[in-house]
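Hello,

Here is the structure I promised to pass on. Have a look at it first, and my notes on what turned up follow below.

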Amino acid sequence: MRIHRFASAADFLALAESALLAAEVENNLILGLAYALAKRTPNAGELTPYFAAATDDAGRVVMCAFRTLPGKVGVTRALRPEALRPLADDVWRACPDATSVIGPRPTVDTFANEFASVSRAVAALHANQRLYELRAVVPPAQPAAGRLRVARAEDASRLVEWATAFFAAIREPGGAEGFVRSHLDDGSLVVWDDEGIVAMAAAAGRTTHAARIGFVYTPPERRGRGYASALVAALSQRLLDEGRSRCCLYTDLANPTSNAIYQRLGYTALCDIGRYTFSSTRTSVNPS
């Protein structure tokens, strides 16, 4: 087993892209980030991304890991279990400040345990999620009033409030202002407008055949009116109309309402995803 660490997203894609595209939707997160980073020049002082791939004796990519935000590591499914320990070792050397890892289960469960072992950390399951994919939209049975539109600068203050609430709800430290600013700049943040904005979502992870929807949020006083369903349905259809064959999104399995909404729109379960957090005292993982 050999571990390759890359100085750039483009170099990483040169080795790993074809292997990752074999499960394009499952690997949408790492592919989308790598594609986006490969297309632009890094800003001065920006965090250097980490991309790594494990290859077997035949040179086949059997697992990848990445880090593009401080502390947040992601892994892909391990096609060979022998890749887990050496990749965990490399992540520890490259990202000693790692505070979380996300990836498909059961790979991420074992990886979290391995990383906890080498880093002498506590690994705890933070969120049990599910990745869904969609190939055709099923329109809401009762369409909500209003329309989809791209978010504008004048929406920013309200969207920062919503992003702050969204990050708090998923128990993630979030830079709400930076999130809103970056998505406004690239036109990927959309809203549902019913005589004023009433819900938001973002489109991301554009890969060869897929795109990812995230950050779906309706403020409490606007819930129960079908806005989120209408927004996700319209945004999914827009992404399909752009030429993608599939859309995907992550849900928290602790929220049965959102899982039911997305399934009614045509989303089907693809795989389960785990997010683990690390703290400073060593222990073993006990996934539930």
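Before the details, one term: two strands count as paired if DSSP finds at least two bridges between them. Please also keep in mind that this is a predicted model.

With that in hand, take strands β9 (residues 197-204) and β10 (residues 210-217): they run antiparallel and are joined by 4 bridges. Within this pair, M200 stands opposite Y217 in β10. Helix α5 (residues 156-169) packs on the sheet here, where it touches β8 (189-193), β9 and β10. The direction of α5 makes about 70 degrees with that of β9.

Now the sheet as a whole. It is open and has 12 strands, with mixed pairing, in the order β1-β2-β3-β4-β5-β12-β6-β11-β10-β9-β8-β7. The edges are β1 (2-6) and β7 (147-150); each has a single partner strand, so one side of each is left without a neighbour in the sheet. From one strand to the next, the twist averages 25 degrees.

I also looked at the second largest pocket, which has a volume of about 150 Å³. It is lined by 13 residues, and those closest to its centre are A19, A23, N27, R77 and L79. Which elements supply at least two residues each to this lining? They are α1 (9-21) and β3 (61-69), with β3 giving the largest share, 4 residues. By class, the lining holds 9 nonpolar, 2 polar and 2 charged residues.

Happy browsing, and best wishes

Note on methods:
Residues numbered from 1 in each chain as written. Predicted model: local features only at pLDDT ≥ 70, side-chain atom pairs only at ≥ 80, totals over all residues. Heavy atoms only, no water. Axes fitted to C-alpha atoms, helices over the stretch in contact; angles between N-to-C directions. Contact = heavy atoms within 4.5 Å. 1 Å grid on protein atoms, 1.4 Å probe; cavity = no way out; pocket = protein on both sides within 12 Å on 5 of 7 lines; lining within 4 Å. Points joined across faces, edges and corners; volume = space filled by probe spheres on them. Nonpolar A, V, L, I, M, F, W, Y, C, P; charged D, E, K, R; others polar.
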